[in-house]
Amino acid sequence: MNESIGDFRDLTRGGARVSLVFHSGGVPVRWSQCSATAEYFAEYFADVHAQACADDADRNEFIGTLSYIVNELVENAVKFSMGEAVEVTVSIEGEELVALVSNQILATTVEGLIEKFRGLVAGDPTEMLIARVEANAVNPDAGVSGLGFLTMMADYGATLGWYFGAVQDNPQNVLLKTMARLPMRNQ
Amino acid sequence: MSDATVKGTGYRVFFDAGAATVHFEGSLRLGTAEYEPIAALLSGVLALRPTAITLRMTELVFLNSSGINTLYKFIIAVRKLGDLAVHVDASSTITWQGKSLPNLRKFLPSITLTLS
């Protein structure tokens with residue numbers, strides 16, 4: 001399988017880039033560890049981006065934005081990962097800040113995800129956010145909020161893309177890469 | 001329920017009945033089910049049928065999307081009551097608040113929001 005949805009582009013080799021790979025070793029990754037990961041990337045890239053941070057307010061905005069985006073991506077990856085490694089990469093590419101998370105998911109979930117992601121990139125993010133919250137309010141048993149990608153797009157102006165690829169030697173799993181791109185000038 | 005508190009590692013949410021204020025403090029990045037105690041605290045506040053309440057967010061540094069969902073659902077529950085005035089005291093220096101809290105007006109147009 002080899003399918004892309006939305007704004008998924010391979011990273012170039014030009015800009016500053018940091019990657020972390022989680023090998024949980026069977027120990028569930030806690031939400032606090034997702035948060036710590038997000039804060040690490042945000043603090044690291046705030047210094048990379050320092051020349052564009054005119055003052056403390058700009059720096060806070062940059063850190064708050066990148067921390068939110070990476071935390072949401074890593075929480076998602078950890079939630080749905082099938083026990084293999086989770087890789088997190090943040091890169092500055094030209095005028096964009098790019099966050100990329102890779103993990104394996106069950107092949108049986110791919111069809112539903114493709115439909116969901118196509119819907120996310122086809123509609124108005126704010127309208128979809130409102131509709132989702134209203135739906136959640138009348139469905140208190142929903143196990144997931146479904147607001148992660150919607151808030152990234154509607155509140156932070158992120159563009160999202162996904163890639164599905166085959167996992168060698170394990171047809172039961174599929175490699176999922178999720179990418180969020182943020183215009184740096186808005187940070 | 002005169003006062004109530006939910007706290008965990010790095011966060012605290014509590015209701016000050018005298019001031020009719022719910023205080024949110026720390027960093028809230030929990031799983032969806034882990035927000036249940038906070039949702040229950042907020043439902044308990046509504047059960048008191050106050051005429052006005054304040055949500056004080058100025059000490060809440062992070063809130064993930066599951067937490068934002070909990071907050072928005074609470075505001076929709078307030079809307080259904082129809083007669084409860086809500087004020088949100090927020091900080092413009094905390095990124096998520098400037099990004100996501102203005103959406104509260106979409107669910108409850110009468111809400112007042114201070115981003116200081």
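Reader: Thanks. To start with, in which sense do β3(A) and β4(A) pair, and over how many bridges?

Author: Please keep in mind that this is a predicted model. In it, β3(A) and β4(A) pair in the antiparallel sense, and the pairing runs over seven bridges. As an example of residues facing each other there, I92(A) stands opposite L97(A), which belongs to β4(A).

Reader: And what sits in the hairpin of β3(A) and β4(A), between the strands?

Author: That hairpin has two residues between the strands, and within it G94(A) takes a positive phi near 60°.

Reader: How much of β4(A) is buried, then?

Author: Eight of the eleven residues of β4(A) are buried, so the strand is largely enclosed by the rest of the structure.

Reader: Okay, zooming out: what is the order of the strands in the sheet?

Author: It is an open sheet of six strands in chain A, and the order is β1-β5-β6-β4-β3-β2, with antiparallel pairing. The edge strands are β1, residues 2-6, and β2, residues 17-22, each of which pairs on one side only. From one strand to the next, the twist averages 15°.

Reader: Which helix packs on the sheet and touches β3, β4 and β6 of chain A?

Author: That is helix α2 of chain A, residues 56-80, and its direction makes about 10° with that of β4(A). Helix α3 of chain A, residues 110-122, packs on the sheet as well, where it touches β1, β5 and β6 of chain A, and its direction makes about 30° with that of β1(A).

Reader: New topic: is helix α5 of chain A mostly covered or mostly open?

Author: Helix α5(A), residues 148-156, is mostly covered, since nine of its nine residues are buried. Among those buried residues are F149(A), L150(A) and D155(A). Just after the helix, G157(A) takes a positive phi of about 70°.

Reader: Let's switch to chain B. At what angle do α1 and α2 of chain B pack?

Author: Helix α1(B), residues 36-47, and α2(B) pack at an angle of about 20°, with their axes 10 Å apart. They are therefore roughly parallel to each other, and their crossing is right-handed.

Reader: Which residues make that contact?

Author: From α1(B) the contact takes I38(B), A39(B), L42(B) and L46(B), while α2(B) brings T70(B), F74(B), A77(B), V78(B) and L81(B). By class, these residues of the contact divide into eight nonpolar, one polar and no charged.

Reader: Last one: how many residues does each chain give to the contact of chain A with chain B?

Author: The contact takes 23 residues from chain B and 27 residues from chain A. On the side of chain B that touches chain A, α2(B) gives the most, with seven residues, and by class that side has eight nonpolar, eleven polar and four charged residues.

Technical notes:
Residues are numbered from 1 along each chain as its sequence is written. Chains are lettered from A and ligands numbered from 1 in the order in which they are written. This is a predicted model: local features need pLDDT of at least 70, side-chain atom pairs count only at pLDDT 80 or more; totals for chains, interfaces and linings use all residues. Two strands pair if DSSP finds at least two bridges between them. Helices (H or I, at least four residues) and strands (E, at least two) are DSSP runs, numbered from the N terminus. Axes are lines fitted to C-alpha atoms, for helices over the stretch in contact, and angles run from 0 to 180 degrees between N-to-C directions. Two residues are in contact if their C-beta atoms, placed from the backbone, lie within 7 Å. A residue is buried if 20 or more other C-beta atoms lie within 10 Å of its own, exposed if 12 or fewer, and partly exposed in between; C-beta atoms are placed from the backbone. Ala, Val, Leu, Ile, Met, Phe, Trp, Tyr, Cys and Pro count as nonpolar, Asp, Glu, Lys and Arg as charged, and the others, Gly among them, as polar. Angles under 35 degrees count as roughly parallel, over 145 as roughly antiparallel, 65 to 115 as roughly perpendicular and the rest as oblique. A crossing is left-handed if the near helix is turned anticlockwise from the far one by less than a right angle, and right-handed if clockwise.
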